[in-house]
Amino acid sequence: GKLRQHAATEASQATLASVSPVFAVMKLDKDGNTTYFEKKKTELYQELGLQARDLRFQHLMSIATRNNRIILRMEFLKAVITPEFLLILDYRNLNLEHWLFNELASQLAGEGQLVTYSLPFEFRAIEAILQYRISKLQGRLNTLQPQILETLEALVDPKLLSVDRSKLHILLQNGKSLSELETDLKVFKETILEILDEEELIEELCLSKWTDPQVFEESTSGIDHAEEMELLLENYYRQAEDLANEARELRVLIDDSESIIFINLDSHRNVMMRLNLQLTMGTFSLSLFGLIGVAFGMNLESSLEEDPRIFWLVTGIMFLGSGLIWRRLLSFLGRHLEPPLPPHVPAVLKKSQPAAARAEIKNNLKAETFGLSRSTLTNQ
């Protein structure tokens, strides 16, 4: 029975090994030397001393430590950092050839301009990956910003009587891309902030401190590697926060521009409605005094048709009466469309209230006046 159980266990392990996924691995050491190989997932996590769940990479972005290993994922990038080398998993499907083959090796070897060149290897690896992620987010923002500004400039034009639908479609697509960028920045910030809030996690990221005696001696002699790691993460957190602020300003600009577009359209619509109302009033005035002409056109005999001046008299009365009624209606319309006066502020309040209270009252009055004016404009 034991032999059969052992044989079944070996068979199940062989079956699992035959169907386990194979990682295309790119390995970079401290000197920037690069090697490529393929290895099954079971063999890889056994060689690294990890569990199978550690290489699942279920989240779009995560930074975790297991058994003195840093398991890192930045969107499509999956990496494992050790004190001696960096592993990039599935590097063929990342579309990151330029960065992986031309920049990463030199950064890990300390040939770049990274501030962590004098620190242990894991600092350089984390720095390189975070710098690449921030640069990608910055590039996306630099691509969206001029497109959004150009589209808004074309839409927010008071001379336009209608809105170009193609521009609105472009603005909608850019708005969706901006929302995705804001989400990615939020995830990046939350991941970094989660580590910054826990001192134990920051200590665990300092791998060489617990494996290299020289590094441990440096940490005890005054060089606090945990503090250096915290400063490193805070630097990229601030950069992500700056990018998030720029994206938020673009979002506010889009919202404000939409309000301006609606106000311009309402203004043009009000002009057309007022013109239509004026023409209706003119038609009503002509129709009202046109009844006189109708009365004279009924083929009924009277003494008035014998006078040659009666035609010009009746025609003059018709046009003069129509003009007077139309003018009267227009003045009536103008009185009811005049904007209301701003509310009067008593002088007692200005003298008795302190400066802060006066500022608050002033802001409230501005808000009320803006609301009244906007409602009046909408009614027009």
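User: What percentage of the 380 residues in the protein chain do buried residues make up?
Analyst: This is a predicted model, in which local features need pLDDT of at least 70, side-chain atom pairs count only at pLDDT 80 or more, and totals for chains, interfaces and linings use all residues. Residues are numbered from 1 along each chain as its sequence is written, and side-chain values use heavy atoms, with hydrogens and water left out. Buried means under 20% relative accessible area, exposed over 50%, and partly exposed in between (1.4 Å probe, protein chains only). Among the 380 residues of the protein chain, the buried share is 32%.

User: How many helices and strands are there in the protein chain?
Analyst: Helices (H or I, at least four residues) and strands (E, at least two) are DSSP runs, numbered from the N terminus. Counted in this way, the protein chain has 12 helices and six strands.

User: Which residue in the turn between E1 and E2 has a positive phi?
Analyst: In the pairing of these strands, Met26 stands opposite Tyr36 in E2. E1 and E2 form a hairpin with four residues between them. The turn residue with a positive phi, about 85°, is Gly32.

User: How many residues of E5 are buried?
Analyst: Leu77, Ala79 and Ile81 point one way from E5, whereas Lys78 and Val80 point the other way. Residues of both groups are buried. E5 is thus mostly covered, and the count of its buried residues is five of five.

User: Which residue in E6 does Ala79 stand opposite?
Analyst: E4 and E5 pair in the antiparallel sense over five bridges, and there Ala79 is the bridge partner of Leu72. E5 also pairs with E6 in the antiparallel sense, over four bridges, and the two form a hairpin with three residues between them. In E6, the residue opposite Ala79 is Ile88.

User: Within what arc do the buried residues of helix H2 fall?
Analyst: The buried residues of H2 (residues 41-48) are Lys41, Thr42, Leu44, Tyr45 and Leu48. The arc is that of the directions from the helix axis to the C-beta atoms. Seen down the axis of H2, these residues line one face of the helix, because the arc that holds them is 165°.

User: Which exposed residues does the face of H2 turned away from its buried side carry?
Analyst: Just after H2, Gly49 takes a positive phi of about 75°. On the helix itself, the face away from the buried side carries the exposed residues Gln46 and Glu47.

User: At roughly what angle do the axes of helix H3 and helix H4 cross?
Analyst: Axes are lines fitted to C-alpha atoms, for helices over the stretch in contact, and angles run from 0 to 180 degrees between N-to-C directions. The axes of H3 (residues 97-108) and H4 (residues 121-155) come within 9 Å, and the crossing angle is roughly 140°.

User: Is Ile148 buried or exposed?
Analyst: Ile148 is found in helix H4. Leaving aside residues up to four places away in sequence, Ile148 touches Asn174, Leu178, Leu250 and Ile254. Gly175, 27 residues away in sequence, is 8.2 Å from Ile148, C-alpha to C-alpha. Because the relative accessibility of Ile148 is 0%, this residue counts as buried.

Terms used. Contact means heavy atoms within 4.5 Å. Two strands pair if DSSP finds at least two bridges between them.
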